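User: I am new to this structure and would like to know what stands behind the words used for it. Please set each value against its definition.

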Amino acid sequence: MVGNTHPRNGKYLKADGVWGLLQNKGKMTVFSLCFLLCADVLDLALGYLTVTIEPLPPVVVGDTVTLKCNFKTDGRLREIVWYRVTDGGTIKQKIFTYDAMFNTNYSHMEDYRRREDLVYQSTVRLPEVRISDNGPYECHVGIYDRATREKVVLASGNIFLTVMSPPLSISVVAADTPAPFSRYQAQNFTLICIVSGGKPAPTVYFKRDGELIEVIPWAQPSSGGKQAAAMRVPQGPQPLISRELDDTKLQKSLSLLDFDEKPARLFTEDPMRGYTPRAPRYEPSPATEIIPETVVSREFPRWVQSTDPLYYFHHTHIPLSDGTIEVHAIITWTLNPQLDNDALFSCEVKHPALSMPMQAEVTLEAPKGPKLIMTPTRAKVGDTVRIVVQGFQVGSAGNEVFPEPLFTWTRVGGRLLDGSAEHDGKELILERVPPELNGSMYRCTAQNPLGSTDTHTRLIVFENPSMMKGTKNQNNAASFMETLGLMPAVLILTVTLEFT
């Protein structure tokens with residue numbers, strides 16, 4: 001019987017192939033022929049061993065994985081060792097060992113005889129795999145040398161286990177917010193879709209009102225300062241059609257500017273003109289007089305594009321410490337408040353570990369009147385008054401506006417209590433209000449790149465009885481002290497008159 005040898009590369013060499021080589025070449029020397037025959041006889045003495053690992057498709061985090069090592073030999077089994085290879089192959093971590101010398105239990109192995117050969121299968125079960133389990137694995141098998149039990153013939157097989165992780169979170173944010181509203185100059189607007197926890201990196205794309213957006217890819221300059229070859233988004237506003245101004249609209253728009261070339265605020269100096277008795281939910285209180293919202297007229301030059309804008313797209317991959325990848329997908333276009341207001345933008349993600357796409361949605365919306373809450377409701381002289389924005393009078397579900405508005409506080413007809421002209425933030429704090437602020441009116445302007453709106457509230461300051469009592473006591477004490485100071489003078493004058 002002519003045996004087969006199995007080198008480490010897994011190829012067979014049959015002894016009868018020597019005669020084929022001799023017939024084909026015709027130049028085989030006697031020395032070469034003897035060498036090949038001796039090698040074949042030596043292989044018969046050593047026995048043969050073949051090792052293979054069944055391939056596996058990519059698995060998902062949390063799955064249970066079984067690695068199967070099949071090997072075939074006509075010799076006696078010595079040992080089986082499983083390794084996990086890390087650090088690029090420099091480190092091998094032993095995860096399973098079977099030593100035939102000390103173990104007689106074959107419950108973890110399947111064996112059967114076929115043509116006087118023994119076929120074995122060794123399995124390793126990895127329950128609930130994690131990202132850290134991703135990588136190569138090796139199965140090493142050793143058999144006894146037929147000539148002597150002191151020598152062991154070794155062979156191995158390897159497999160790369162690919163562990164996938166579906167994205168864990170997705171969100172859409174606006175870049176460079178909060179930002180003011182620009183009435184007469186086009187400006188770029190950027191949405192960023194952040195997808196975290198995926199491996200491999202997912203595919204991210206944007207939709208507008210349910211329709212896939214056709215984007216133009218572009219790349220940012222590299223860290224070394226070299227310009228990338230791909231197209232880039234212009235830094236400044238780039239309207240997409242010619243800027244042909246309509247003189248009528250331009251004059252009408254300029255008429256809304258005040259003397260300081262700032263947008264005029266309608267019904268600001270006399271807010272009561274905007275009061276409508278039939279307006280719903282208008283409930284004035286003795287402490288706070290709520291003025292109905294004053295919406296600034298929204299006029300736009302005709303050069304703002306009326307056709308579909310150009311969308312520029314690029315993405316970045318950020319490796320995380322847990323082995324997953326965070327993807328930032330960025331889309332930029334020239335904003336048109338007339339067309340983009342109330343537009344629904346969605347970011348969708350496809351990943352091989354997901355059965356259906358993930359998505360996050362945002363609706364671009366201009367603020368429509370901030371809702372102001374004043375505490376305390378009945379402010380007295382010396383109190384600290386807080387005026388806070390709590391949602392909007394008209395808005396989407398949850399009373400939220402996207403992108404986040406910029407809130408600016410001003411006092412109608414004067415400066416704020418601290419002497420500043422305006423204050424930014426959702427809260428205005430007036431510390432130790434004096435009686436001079438009674439009747440003063442405050443304006444809260446909410447704006448984002450899609451629009452701007454104002455809401456006013458009036459501060460009513462009531463007298464503080466405790467402070468009035470203290471003031472009265474101080475006045476009485478001062479009068480008493482003045483009386484005491486006059487008494488010596490009166491006594492001296494009386495004594496002088498008596499002597500004269």
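Analyst: C193 is buried, and C347 is buried too. Buried means under 20% relative accessible area, exposed over 50%, and partly exposed in between (1.4 Å probe, protein chains only). This is a predicted model, in which local features need pLDDT of at least 70, side-chain atom pairs count only at pLDDT 80 or more, and totals for chains, interfaces and linings use all residues. Residues are numbered from 1 along each chain as its sequence is written, and side-chain values use heavy atoms, with hydrogens and water left out.

User: Why is C444 called buried?

Analyst: The relative accessible area of C444 is 0%. The limit for buried is under 20%, so C444 counts as buried.

User: How do you know that C193 and C347 form a disulfide?

Analyst: Their sulfur atoms are 1.9 Å apart. A disulfide is a pair of cysteine sulfur atoms within 2.5 Å, so C193 and C347 qualify. In general, a disulfide is a covalent bond between the sulfur atoms of two cysteines.

User: Why is the disulfide of C193 and C347 called left-handed?

Analyst: The torsion about its S-S bond is about -80°, so the disulfide is left-handed.

User: What parts does the pair of C193 and C347 tie together?

Analyst: C193 is in strand β14 (residues 188–198) and C347 in strand β21 (residues 344–350), so the parts tied together are 154 residues apart in sequence. Strands (E, at least two residues) and helices (H or I, at least four) are DSSP runs, numbered from the N terminus.

User: How many disulfides does a search of the whole structure find?

Analyst: The search finds two. C69 and C139 also form a disulfide, with sulfur atoms 2.1 Å apart, and both cysteines are buried. With -85° about the S-S bond, this link is left-handed. Counting bonded cysteines along the chain, the pattern is 1-2, 3-4.

User: What joins strand β6 to strand β10?

Analyst: Seven bridges join β6 (residues 77–86) to β10 (residues 135–144), and the two run antiparallel. Two strands pair if DSSP finds at least two bridges between them, so β6 and β10 count as paired. Y83 stands opposite E138 in β10.

User: What is the strand order in the open sheet of four strands, and why do β7 and β11 stand at the edges?

Analyst: The order is β7-β6-β10-β11, with antiparallel pairing. β7 (91–99) and β11 (152–161) each have a single partner strand, so one side of each is left without a neighbour in the sheet.
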